[in-house]
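Work through the exercises below with the sequence and the 3D structure at hand. Try each task before reading its solution.

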Amino acid sequence: MSSPRMTALSEYDRLEASALWRPEGETQRVEVIVSLGEATLTISDPNDTPLSHWSLPAIERVNGATERLAVFAPGPDTAERLETEDEAMIAAILKIQRAVVQGSSHHGRLRGILYGAACFSVLALGIFWLPGALVRQAVTIVPNVTRTQIGDALLTRIERLSGQPCDTVHGARALQALKSRLQTNGAGDIVVLRSGVNTALHLPGGIILLNRSVIEDFEDPDVVAGFVLAEQQRAADADPLEHLLRSAGLITSLRLLTSGEIPDEALDAYAEEMMRQDLEPIDTERLIDRFATAEVRTAPYAYAQDITGVSTLPLIEADAVRVQSARPVLVDGDWVALQNICEG
(Lines give C-alpha, C1' and ligand atoms only; values in the text may rest on other atoms or scores of the structure.)
Protein backbone atom coordinates (compact mmCIF):
# COMPACT_ATOMS: atom_id res chain seq x y z
CA MET A 1 0.00 0.00 0.00
CA SER A 2 1.39 3.49 -0.92
CA SER A 3 2.17 5.89 1.90
CA PRO A 4 0.42 9.30 2.01
CA ARG A 5 3.74 10.99 1.11
CA MET A 6 4.28 8.74 -1.93
CA THR A 7 0.73 9.36 -3.14
CA ALA A 8 1.17 13.12 -2.75
CA LEU A 9 4.51 12.99 -4.55
CA SER A 10 3.33 11.10 -7.61
CA GLU A 11 1.99 14.18 -9.38
CA TYR A 12 5.27 16.05 -8.83
CA ASP A 13 7.55 13.46 -10.37
CA ARG A 14 10.87 15.10 -11.54
CA LEU A 15 9.78 18.52 -10.26
CA GLU A 16 12.68 21.01 -10.15
CA ALA A 17 12.94 24.72 -9.30
CA SER A 18 15.55 27.43 -8.80
CA ALA A 19 16.19 28.67 -5.28
CA LEU A 20 18.66 30.42 -2.99
CA TRP A 21 20.37 28.28 -0.37
CA ARG A 22 22.22 29.38 2.73
CA PRO A 23 24.37 26.57 4.16
CA GLU A 24 24.71 25.97 7.90
CA GLY A 25 27.20 28.46 9.43
CA GLU A 26 27.29 30.70 6.32
CA THR A 27 25.81 34.16 5.77
CA GLN A 28 25.94 34.23 1.98
CA ARG A 29 23.21 32.66 -0.13
CA VAL A 30 24.04 30.75 -3.29
CA GLU A 31 21.88 29.99 -6.29
CA VAL A 32 20.88 26.33 -6.47
CA ILE A 33 18.53 23.89 -8.17
CA VAL A 34 16.13 21.93 -5.93
CA SER A 35 14.46 18.70 -7.03
CA LEU A 36 11.97 16.37 -5.37
CA GLY A 37 12.90 12.75 -4.88
CA GLU A 38 11.02 9.85 -3.27
CA ALA A 39 12.23 10.64 0.23
CA THR A 40 14.35 13.78 0.00
CA LEU A 41 14.61 17.25 -1.37
CA THR A 42 17.94 17.46 -3.22
CA ILE A 43 19.85 20.76 -3.40
CA SER A 44 22.38 20.92 -6.27
CA ASP A 45 24.58 23.56 -7.83
CA PRO A 46 24.00 24.69 -11.46
CA ASN A 47 26.39 21.93 -12.58
CA ASP A 48 24.05 19.33 -11.01
CA THR A 49 26.45 18.53 -8.17
CA PRO A 50 24.48 17.61 -5.00
CA LEU A 51 25.13 20.00 -2.12
CA SER A 52 22.60 18.83 0.49
CA HIS A 53 19.71 16.47 1.00
CA TRP A 54 16.70 17.34 3.14
CA SER A 55 14.22 14.77 4.47
CA LEU A 56 10.85 15.68 2.98
CA PRO A 57 8.76 14.95 6.11
CA ALA A 58 11.09 17.09 8.26
CA ILE A 59 11.03 20.24 6.13
CA GLU A 60 9.49 23.27 7.86
CA ARG A 61 8.39 26.61 6.45
CA VAL A 62 9.79 29.28 8.73
CA ASN A 63 8.10 32.40 7.36
CA GLY A 64 4.50 33.41 6.87
CA ALA A 65 2.38 31.17 4.68
CA THR A 66 0.90 34.15 2.81
CA GLU A 67 4.22 35.55 1.64
CA ARG A 68 5.18 34.97 -2.00
CA LEU A 69 8.72 34.04 -1.08
CA ALA A 70 8.80 30.82 0.93
CA VAL A 71 11.66 30.16 3.34
CA PHE A 72 12.22 26.53 4.36
CA ALA A 73 14.49 24.82 6.89
CA PRO A 74 15.44 21.13 7.05
CA GLY A 75 14.47 20.99 10.74
CA PRO A 76 13.92 23.07 13.87
CA ASP A 77 17.53 23.19 15.15
CA THR A 78 19.51 24.49 12.17
CA ALA A 79 20.33 27.80 10.51
CA GLU A 80 20.34 26.25 7.05
CA ARG A 81 17.75 27.90 4.83
CA LEU A 82 16.23 27.53 1.38
CA GLU A 83 14.31 30.34 -0.36
CA THR A 84 12.14 29.97 -3.43
CA GLU A 85 9.30 31.73 -5.21
CA ASP A 86 8.46 28.77 -7.43
CA GLU A 87 4.78 28.20 -6.75
CA ALA A 88 4.77 24.60 -7.94
CA MET A 89 7.68 23.67 -5.65
CA ILE A 90 6.13 25.49 -2.68
CA ALA A 91 2.79 23.75 -3.29
CA ALA A 92 4.47 20.36 -3.61
CA ILE A 93 6.38 20.69 -0.34
CA LEU A 94 3.33 21.92 1.55
CA LYS A 95 1.13 19.16 0.10
CA ILE A 96 3.62 16.52 1.14
CA GLN A 97 3.70 17.99 4.65
CA ARG A 98 -0.09 17.79 4.90
CA ALA A 99 -0.03 14.21 3.64
CA VAL A 100 2.54 13.28 6.29
CA VAL A 101 0.42 14.87 9.04
CA GLN A 102 -2.68 13.04 7.85
CA GLY A 103 -0.75 9.78 7.65
CA SER A 104 0.47 10.27 11.19
CA SER A 105 -3.10 10.89 12.29
CA HIS A 106 -4.23 7.65 10.62
CA HIS A 107 -1.38 5.75 12.24
CA GLY A 108 -2.32 7.28 15.58
CA ARG A 109 -5.89 6.12 15.19
CA LEU A 110 -4.66 2.69 14.16
CA ARG A 111 -2.43 2.56 17.23
CA GLY A 112 -5.43 3.56 19.33
CA ILE A 113 -7.55 0.83 17.80
CA LEU A 114 -4.81 -1.77 18.31
CA TYR A 115 -4.28 -0.62 21.90
CA GLY A 116 -8.00 -0.80 22.57
CA ALA A 117 -8.16 -4.28 21.06
CA ALA A 118 -5.25 -5.38 23.26
CA CYS A 119 -6.94 -3.98 26.37
CA PHE A 120 -10.18 -5.71 25.42
CA SER A 121 -8.33 -9.00 24.94
CA VAL A 122 -6.76 -8.70 28.39
CA LEU A 123 -10.14 -7.87 29.89
CA ALA A 124 -11.77 -10.78 28.09
CA LEU A 125 -9.09 -13.12 29.40
CA GLY A 126 -9.75 -11.85 32.90
CA ILE A 127 -13.50 -12.32 32.56
CA PHE A 128 -13.73 -15.55 30.60
CA TRP A 129 -10.46 -17.43 30.97
CA LEU A 130 -9.24 -16.64 34.50
CA PRO A 131 -12.27 -17.97 36.46
CA GLY A 132 -12.19 -21.25 34.55
CA ALA A 133 -8.43 -21.55 35.00
CA LEU A 134 -8.71 -20.99 38.77
CA VAL A 135 -11.49 -23.57 39.03
CA ARG A 136 -9.44 -26.14 37.13
CA GLN A 137 -6.42 -25.41 39.32
CA ALA A 138 -8.44 -25.76 42.52
CA VAL A 139 -10.09 -28.99 41.39
CA THR A 140 -6.68 -30.41 40.51
CA ILE A 141 -4.85 -29.67 43.76
CA VAL A 142 -7.57 -30.00 46.43
CA PRO A 143 -6.89 -33.23 48.38
CA ASN A 144 -9.54 -35.84 49.06
CA VAL A 145 -9.73 -34.95 52.74
CA THR A 146 -10.71 -31.38 51.82
CA ARG A 147 -13.29 -32.66 49.35
CA THR A 148 -14.79 -34.77 52.12
CA GLN A 149 -14.89 -31.79 54.47
CA ILE A 150 -16.67 -29.72 51.82
CA GLY A 151 -19.14 -32.55 51.21
CA ASP A 152 -19.84 -32.87 54.96
CA ALA A 153 -20.36 -29.10 55.22
CA LEU A 154 -22.84 -29.20 52.34
CA LEU A 155 -24.65 -32.16 53.91
CA THR A 156 -25.05 -30.21 57.16
CA ARG A 157 -26.74 -27.38 55.27
CA ILE A 158 -28.97 -29.74 53.31
CA GLU A 159 -30.06 -31.37 56.56
CA ARG A 160 -31.34 -27.98 57.73
CA LEU A 161 -33.77 -28.10 54.82
CA SER A 162 -34.54 -31.82 54.69
CA GLY A 163 -34.35 -32.79 58.35
CA GLN A 164 -32.02 -35.25 60.03
CA PRO A 165 -30.99 -38.34 58.02
CA CYS A 166 -32.75 -41.61 58.67
CA ASP A 167 -30.76 -43.73 61.12
CA THR A 168 -31.24 -46.97 63.00
CA VAL A 169 -28.65 -49.41 64.28
CA HIS A 170 -29.62 -52.15 61.84
CA GLY A 171 -30.27 -49.66 59.04
CA ALA A 172 -26.81 -48.13 59.46
CA ARG A 173 -25.30 -51.59 59.25
CA ALA A 174 -27.28 -52.27 56.08
CA LEU A 175 -26.06 -49.01 54.52
CA GLN A 176 -22.50 -49.98 55.34
CA ALA A 177 -23.07 -53.35 53.68
CA LEU A 178 -24.48 -51.58 50.59
CA LYS A 179 -21.49 -49.26 50.48
CA SER A 180 -19.06 -52.17 50.75
CA ARG A 181 -20.94 -54.02 48.02
CA LEU A 182 -20.88 -51.11 45.55
CA GLN A 183 -17.93 -48.92 46.41
CA THR A 184 -14.51 -50.45 46.16
CA ASN A 185 -12.62 -47.12 46.10
CA GLY A 186 -13.29 -45.99 49.68
CA ALA A 187 -15.80 -43.33 48.59
CA GLY A 188 -18.01 -41.42 51.02
CA ASP A 189 -21.11 -42.41 52.92
CA ILE A 190 -24.58 -43.23 51.62
CA VAL A 191 -27.15 -41.07 53.43
CA VAL A 192 -30.94 -41.58 53.44
CA LEU A 193 -33.11 -38.46 53.81
CA ARG A 194 -36.81 -38.19 54.56
CA SER A 195 -37.31 -35.23 52.20
CA GLY A 196 -35.55 -32.50 50.29
CA VAL A 197 -34.03 -34.79 47.63
CA ASN A 198 -36.29 -36.03 44.84
CA THR A 199 -34.48 -39.32 44.30
CA ALA A 200 -30.70 -39.06 44.66
CA LEU A 201 -27.83 -36.54 44.69
CA HIS A 202 -24.06 -36.68 45.03
CA LEU A 203 -21.75 -34.34 46.95
CA PRO A 204 -18.00 -33.75 46.89
CA GLY A 205 -16.12 -36.45 48.74
CA GLY A 206 -18.21 -39.25 47.24
CA ILE A 207 -21.25 -38.72 49.48
CA ILE A 208 -24.48 -40.11 47.98
CA LEU A 209 -27.89 -38.84 49.15
CA LEU A 210 -31.00 -41.01 48.68
CA ASN A 211 -34.62 -40.12 49.26
CA ARG A 212 -36.39 -42.68 51.46
CA SER A 213 -38.82 -43.38 48.60
CA VAL A 214 -36.02 -44.98 46.59
CA ILE A 215 -35.79 -47.64 49.30
CA GLU A 216 -39.37 -47.93 50.48
CA ASP A 217 -41.23 -47.89 47.14
CA PHE A 218 -39.40 -50.82 45.57
CA GLU A 219 -39.03 -54.44 46.55
CA ASP A 220 -35.68 -55.07 44.92
CA PRO A 221 -32.38 -53.84 46.43
CA ASP A 222 -30.98 -53.69 42.90
CA VAL A 223 -33.07 -50.52 42.43
CA VAL A 224 -31.33 -48.77 45.32
CA ALA A 225 -27.99 -49.97 44.02
CA GLY A 226 -28.91 -48.56 40.62
CA PHE A 227 -29.56 -45.08 42.03
CA VAL A 228 -26.23 -45.15 43.86
CA LEU A 229 -24.34 -46.29 40.75
CA ALA A 230 -26.05 -43.62 38.64
CA GLU A 231 -24.91 -40.87 41.03
CA GLN A 232 -21.41 -42.29 41.04
CA GLN A 233 -21.42 -42.05 37.25
CA ARG A 234 -22.67 -38.46 37.33
CA ALA A 235 -19.87 -37.58 39.74
CA ALA A 236 -17.37 -39.26 37.41
CA ASP A 237 -18.74 -37.38 34.40
CA ALA A 238 -18.72 -33.94 36.06
CA ASP A 239 -16.65 -33.28 39.18
CA PRO A 240 -19.06 -32.07 41.89
CA LEU A 241 -16.42 -29.76 43.37
CA GLU A 242 -15.91 -28.13 39.97
CA HIS A 243 -19.66 -27.63 39.64
CA LEU A 244 -19.76 -26.00 43.07
CA LEU A 245 -16.88 -23.62 42.30
CA ARG A 246 -18.28 -22.59 38.92
CA SER A 247 -21.58 -21.83 40.58
CA ALA A 248 -20.03 -19.96 43.52
CA GLY A 249 -17.74 -17.70 41.46
CA LEU A 250 -14.16 -16.48 41.24
CA ILE A 251 -13.74 -15.33 44.86
CA THR A 252 -14.73 -18.74 46.19
CA SER A 253 -12.08 -20.43 44.03
CA LEU A 254 -9.47 -17.96 45.28
CA ARG A 255 -10.46 -18.61 48.90
CA LEU A 256 -10.21 -22.35 48.40
CA LEU A 257 -6.77 -22.05 46.79
CA THR A 258 -5.38 -19.71 49.44
CA SER A 259 -7.02 -20.99 52.63
CA GLY A 260 -8.36 -24.44 51.77
CA GLU A 261 -11.88 -23.36 52.77
CA ILE A 262 -15.12 -22.29 51.09
CA PRO A 263 -17.09 -19.40 52.66
CA ASP A 264 -20.20 -20.40 54.58
CA GLU A 265 -22.43 -18.16 52.50
CA ALA A 266 -21.27 -19.88 49.31
CA LEU A 267 -22.07 -23.29 50.79
CA ASP A 268 -25.49 -22.09 51.95
CA ALA A 269 -26.37 -20.78 48.50
CA TYR A 270 -25.15 -23.88 46.71
CA ALA A 271 -27.00 -26.25 49.07
CA GLU A 272 -30.26 -24.49 48.20
CA GLU A 273 -29.39 -24.59 44.52
CA MET A 274 -28.74 -28.33 44.66
CA MET A 275 -32.17 -29.00 46.11
CA ARG A 276 -33.77 -27.33 43.08
CA GLN A 277 -31.60 -28.61 40.25
CA ASP A 278 -32.61 -31.40 37.88
CA LEU A 279 -30.49 -34.52 37.47
CA GLU A 280 -28.01 -34.44 34.63
CA PRO A 281 -28.51 -37.11 31.94
CA ILE A 282 -26.03 -39.99 31.86
CA ASP A 283 -24.45 -41.69 28.89
CA THR A 284 -26.17 -45.07 28.74
CA GLU A 285 -23.12 -47.06 27.64
CA ARG A 286 -20.97 -45.71 30.48
CA LEU A 287 -23.75 -46.43 32.97
CA ILE A 288 -24.13 -50.00 31.68
CA ASP A 289 -20.38 -50.50 32.06
CA ARG A 290 -20.55 -49.27 35.66
CA PHE A 291 -23.37 -51.71 36.45
CA ALA A 292 -21.37 -54.50 34.86
CA THR A 293 -18.27 -53.66 36.91
CA ALA A 294 -20.36 -53.68 40.08
CA GLU A 295 -22.11 -56.90 38.97
CA VAL A 296 -25.56 -55.34 39.46
CA ARG A 297 -28.58 -55.95 37.24
CA THR A 298 -29.72 -52.97 35.17
CA ALA A 299 -33.35 -53.94 34.51
CA PRO A 300 -34.73 -53.20 38.02
CA TYR A 301 -33.28 -49.68 37.90
CA ALA A 302 -34.49 -49.24 34.31
CA TYR A 303 -38.11 -50.07 35.25
CA ALA A 304 -37.86 -47.82 38.31
CA GLN A 305 -37.05 -44.98 35.95
CA ASP A 306 -39.76 -45.86 33.43
CA ILE A 307 -42.31 -48.51 34.32
CA THR A 308 -43.05 -49.06 30.63
CA GLY A 309 -39.38 -49.60 29.83
CA VAL A 310 -39.69 -47.58 26.61
CA SER A 311 -37.17 -44.87 27.47
CA THR A 312 -34.79 -47.24 29.25
CA LEU A 313 -34.82 -50.13 26.77
CA PRO A 314 -31.01 -50.23 26.34
CA LEU A 315 -30.62 -50.85 30.08
CA ILE A 316 -33.19 -53.64 29.96
CA GLU A 317 -31.59 -55.26 26.93
CA ALA A 318 -28.15 -55.07 28.57
CA ASP A 319 -29.53 -56.87 31.60
CA ALA A 320 -30.69 -59.79 29.47
CA VAL A 321 -27.12 -60.27 28.26
CA ARG A 322 -25.29 -59.86 31.57
CA VAL A 323 -27.77 -61.16 34.12
CA GLN A 324 -25.69 -64.30 34.68
CA SER A 325 -22.77 -62.22 35.99
CA ALA A 326 -24.87 -60.33 38.58
CA ARG A 327 -24.58 -60.93 42.33
CA PRO A 328 -27.11 -60.21 45.08
CA VAL A 329 -26.81 -56.64 46.35
CA LEU A 330 -27.89 -57.31 49.95
CA VAL A 331 -28.88 -60.35 51.95
CA ASP A 332 -32.53 -60.42 52.96
CA GLY A 333 -31.89 -59.31 56.56
CA ASP A 334 -29.95 -56.24 55.52
CA TRP A 335 -32.54 -55.33 52.89
CA VAL A 336 -35.37 -55.47 55.43
CA ALA A 337 -33.34 -53.38 57.87
CA LEU A 338 -32.61 -50.81 55.14
CA GLN A 339 -36.29 -50.55 54.19
CA ASN A 340 -37.08 -49.73 57.82
CA ILE A 341 -34.24 -47.25 58.35
CA CYS A 342 -36.60 -44.24 58.52
CA GLU A 343 -38.93 -45.91 61.05
CA GLY A 344 -36.60 -45.35 63.97
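**Exercise 1. Overview**

How many helices and how many strands does the protein have?

Solution. The model is a predicted one. Step 1: the protein has 13 helices and ten strands. Step 2: of its 344 residues, 42% count as buried. Step 3: take the contacts with a separation of 6 or more; residues 24 or more positions apart account for 58% of them.

**Exercise 2. The nonpolar cores**

Which residues have the most contacts inside the largest nonpolar core?

Solution. Step 1: the largest nonpolar core has 37 residues. Step 2: Leu 178, Leu 210, Val 296 and Leu 338 have the most contacts inside this core. Step 4: take Leu 338 as an example. Leaving out residues up to four places away in sequence, Leu 338 touches Gly 171, Ala 174, Leu 175, Leu 178, Ile 215 and Leu 330. Step 5: another core, of 27 residues, lies apart from the largest one, and Leu 154, Ile 207, Leu 241 and Leu 244 are among its members.

**Exercise 3. A residue in helix α6**

Is Gln 232 buried or exposed? Which residues does Gln 232 touch?

Solution. Step 1: Gln 232 is found in helix α6. Step 2: its relative accessible area is 13%, so Gln 232 is buried; the cut-off for buried is under 20%. Step 3: not counting residues up to four places away in sequence, Gln 232 touches Leu 182, Gln 183, Ile 208 and Arg 290. Step 4: compare sequence with space for one of these. Gln 232 and Arg 290 are 58 residues apart along the chain, and their C-alpha atoms are separated by 8.9 Å.

**Exercise 4. A residue in strand β7**

Describe the surroundings of Thr 84.

Solution. Step 1: Thr 84 belongs to strand β7, residues 81–84. Step 2: Thr 84 has a relative accessible area of 2% and is therefore buried. Step 3: residues up to four places away in sequence are not counted; Thr 84 then touches Ser 18, Ala 19, Arg 68, Leu 69, Ala 70, Phe 72 and Ile 90. Step 4: a polar atom of the Thr 84 side chain lies 3.1 Å from the backbone nitrogen of Asp 86.

**Exercise 5. Aspartates in one loop**

Where do Asp 45 and Asp 48 lie, and is each of them buried or exposed?

Solution. Step 1: Asp 48 lies in the loop between β3 (40–44) and β4 (50–55), and Asp 45 lies in the loop between β3 and β4 too. Step 2: Asp 45 has a relative accessible area of 18% and is buried, whereas Asp 48, at 61%, is exposed. Step 3: the backbone nitrogen of Asn 47 lies 2.9 Å from a polar atom of the Asp 45 side chain. Step 4: check the backbone of Asp 48; its phi is near 70 degrees, a positive value in a residue other than glycine.

**Exercise 6. The side chain of Asn 63**

What does the side chain of Asn 63 reach?

Solution. Step 1: Asn 63 is in the loop between β5 (60–61) and β6 (70–73). Step 2: its side chain reaches the backbone oxygen of Leu 69 at 2.7 Å. Step 3: a polar contact of 3.3 Å also joins the side chains of Asn 63 and Glu 67.

Key. Residues are numbered from 1 along each chain as its sequence is written. This is a predicted model: local features need pLDDT of at least 70, side-chain atom pairs count only at pLDDT 80 or more; totals for chains, interfaces and linings use all residues. Side-chain values use heavy atoms; hydrogens and water are left out. A nonpolar core is a set of buried Ala, Val, Leu, Ile, Met, Phe, Trp, Tyr and Cys residues joined through side-chain atoms within 4.5 Å. Buried means under 20% relative accessible area, exposed over 50%, partly exposed in between (1.4 Å probe, protein chains only). Contact means heavy atoms within 4.5 Å. Helices (H or I, at least four residues) and strands (E, at least two) are DSSP runs, numbered from the N terminus. A polar contact is a pair of N or O atoms within 3.5 Å; within protein, one must be able to donate a hydrogen and the other to accept it, and residues adjacent in sequence count only if both atoms are side-chain atoms.
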